[in-house]
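I opened this notebook to record what I looked up in one structure. The entries follow the order in which I worked.

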Amino acid sequence: MRMLGVAGVCAVLMGVHAWAVELVANPGFETVDDKGGPAEWGWWTREPGAGRMELSDERHDGERSLRIIHTGEKDWCTTNSRRTPVEPGESYAITCWMKRAGDARGGSVQVVGNKGRELVSWSIGRTAEPRRAGWQRCKSWFTVPEGVDTVYVRVVGAGKSDFWVDDVQVVPEVEPPMPRGPKVDGWAKTRPVEPMGRGALAVETAEGVYVNWRLLREDDPKIAFNVFRQKDGARVKLNATPITQTTDFLDTNGFDAAVSYVVEPADGFKGASQTVSPIALQGRQTPYVRIPLAATNVTAQKIGVGDLDGDGQFDYVIKQPGGNVDPWHKYWYKSPETFKLEARRHDGTLLWIKDLGWNIERGMWYSPMIVCDVNGDGRAEVITKIGPDEDMRDAEGKVERGEEWMAVFDGLTGRELARAPWPPRDLFPSYNYASRNQIAVAYLDGRTPCLLALRGTYNLMLADAWQFKDGQLQRLWSYTNEDLPGRYQGQGAHNCLCADVDGDGRDEVILGSVTLDDDGAPLWTTGKGHPDAHYYGDIDPVRPGMEMAYIIETRQVKEGGIHLLDPTNGTILWQLQEPTRHVHGFGICSDIDPTQPGLEIYGADADGHTLTEKRWLFSADGRLLKSGKELNFGFGVSSAWWDADLQRELIRGRMVDYEGGAVSERIEGNVILVADVLGDWREEVLTSVGGELRIYTTPIPAMDRRVCLMQDSAYRMRTMMNAMGYAQIPLLSYVPEALAPNLNVSVNAQKDRGVCRVVVVAPLAYGLKGSVTLSAPTGVKLETVEMPVELAPGCRKVWEIPYEGRHSQRGELIRAELKIEQGVTLKGAVPLGL
């Protein structure tokens, strides 16, 4: 065995047993068995006949190496025979030399952890795959985790592979500290504040005109409002007393297109005012704002939200057409047309259109975009990936050559302001892996909006950080996982999150299952692999601080396909305790169940991409609430705050209460984004239909008020990132129900009878005492109509109240009123028959 002397010296210096050095039998493949193969190594592939291992005289040193050739699509491995006792807490280094045959894929050396003969983990440590030409040294480190007392070594990979491996060693060695870069000190002295107007909206409803508007962070906490109706120079105040409990008002005088509404602070208060014209229903069932697109047959793929002209109202940058070319060879097809960016003001006025050209293929991963004010002038810029003017497509239609840039465009005019090189494609093992691109924004010094150009998800991952200063993009730092241990490989997600997770006032970059500190050095990794979705915010309000929920696509042998962790250090708080193949899609991470505190987390396992019966719904603290066929959420359902209560509703063609009925009429089109872009704190649902973007908005009166959600950093940053990648529902840095009283009313109806569920929740800070009164439409009889309430802080009460009879008109309401002795009355309602 080569290098025994060096390893033996290392073992003696570290004070470990000599046997700990010899974790690999026949590490240099010098010993040949009686069949002419490498002694102590065994071959396996999931596709019999699809691959082989053979000895080769193409070697790094010594007499021979091992060549692995695999022609199939699935996984393979060659396993070493030696099983070695180890102790938890011991540290080791894995080293090997590998050489790829041309552009073929290589493999990685993996250490398997057992407890006795029982498998604990297929990988407690592994190297990265080789990416450069010629012989490449691959090195990684690992620490033996609790519960592991035996290890062995494998060389593993998947898909078409052809490479040589030599000198596989596992020796005692402590992992060196990660090198750190200098702290970012950007151009901004203070963090730019996004302009935010009152966002007033008036929409026709069956009862009249519903007016609602924003409560702003800078408003006096006690601010009151007045609403005026004006026509032909006459102005009439509609509210008898200043409005304080909500930021909405229902004008029952009926719709009049010649009328306008004025929302302004009441006497004694300062703040923004706004005049708005009402939007007619025009036969629509659910009110929406219409933003036209450039052609009647085109649909939107992604939407960036930002103030392009600095007037305090959100404008929209639409990437169109819809559809998605995926880089994976099983899904890829030649782009039938080019992407266009279409910038529209809040009223639909076209500002500019830019054609991204044939060098940006018509798929999500080729065309990342983000909308953000990156120079502090009060107007948002548009940042996207671009290519050269010359058509660089090959005969198939793929773009695998030519320069690539990240470009900054003026949001108002579309004029290019600056560009910088995009992370290079040449180190990636295939076109599929090289074609995974994202853009993010992080306040790396806590003040300056810095841009991140990201490439790679499933193996190699590259990140370049830039600031836009003095009209130029200036590089801040670069990150690569090329030479990092295996637990940093392939940890990327389908969306990026940026937040100050460690409380130092500077944003970190959450690439997926790995997080970079503000200086570009890794902060932590779980090593669990690629998440299809990950969520950041306050998920468990009882636990201090933020949490992160993960939906993991990478196969998990024992546990963790769904998990919750502490984002300050990556410590897993709880996890699914069974194996998973491929937990797929975006799942659910929202407060949908009023009977449980905090947010609920849902995920479903896939066989390939086919839904299985392995489905799970967890509470915020990790209790399994439901599983299997009783869950019909597929691979995920979007949600939005729509009615008056503090739970989100599920978006299923209508807005639907969890375990209840519909609370809205139809919502048409493909859901592109959910965000609080207009009116009060409830969310809008942005959908795409041919020729237009629709911004659906709730017509349901509110029961309370809170600051515009887009002024919450966690929520705003996720909404910003949702302009690219796979959109995921934004979370807040707080749970509304934990801070304010909640009244939730829903129904589960069958023909002439049903059950009305009423839930009252006390916030964490104080208890509630009072009563709930119900009223039903004519023809419907409730078994109980009045219930006393007395709750300790953070507690809840649930009533399941049978009713019978039939309402006469579609959508008639069961109404609820919660009178609290502290002087507040909350009003809620639920429609019947939608």
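**Entry 1: the model.** I am working with a predicted model, in which local features need pLDDT of at least 70 and side-chain atom pairs count only at pLDDT 80 or more, whereas totals for chains, interfaces and linings use all residues. Residues are numbered from 1 along each chain as its sequence is written, and side-chain values use heavy atoms, with hydrogens and water left out.

**Entry 2: domains.** I looked up the domain bounds, which come from an automatic or database domain assignment. The assignment lists domain 1 (41-172), domain 2 (201-276), domain 3 (288-722) and domain 4 (741-832). Between the C-alpha centres of domain 1 and domain 4 I noted 61 Å.

**Entry 3: a sheet.** I then turned to an open sheet of four strands, ordered β24-β25-β26-β27 with antiparallel pairing. Its edge strands, β24 (369-372) and β27, each pair on one side only. From one strand to the next the twist averages 20°, with axes taken as lines fitted to C-alpha atoms and angles running from 0 to 180 degrees between N-to-C directions. Strands here are DSSP runs (E, at least two residues), numbered from the N terminus, and two strands pair if DSSP finds at least two bridges between them.

**Entry 4: strand β26.** Is β26 buried or exposed? Five of its five residues (405-409) are buried, so the strand is largely enclosed by the rest of the structure; buried means under 20% relative accessible area with a 1.4 Å probe, protein chains only. W405, A407 and F409 cover one side, and M406 and V408 the other. Five bridges link β26 to β25 (residues 381-386), and V382 stands opposite F409. Five bridges also join β26 to β27 (residues 416-421), where F409 faces E416 and M406 has A420 as its bridge partner. In the hairpin of β26 and β27, six residues lie between the strands, and G414 takes a positive phi near 80°.

**Entry 5: the second largest pocket.** I recorded about 1,300 Å³ of space in this pocket. Of its 45 lining residues, P699, I700, P701, L813 and R815 are the closest to its centre. A pocket is an open set of points on a 1 Å grid where a 1.4 Å probe fits, with protein on both sides within 12 Å along at least five of seven lines; lining residues have an atom within 4 Å of a point. The volume is the space filled by probe spheres set on the points, which are joined across faces, edges and corners. Strand β57 gives the most to the lining, with seven residues.

Terms used. Buried < 20%, exposed > 50% of the residue type's maximum accessible area, 1.4 Å probe, protein only.
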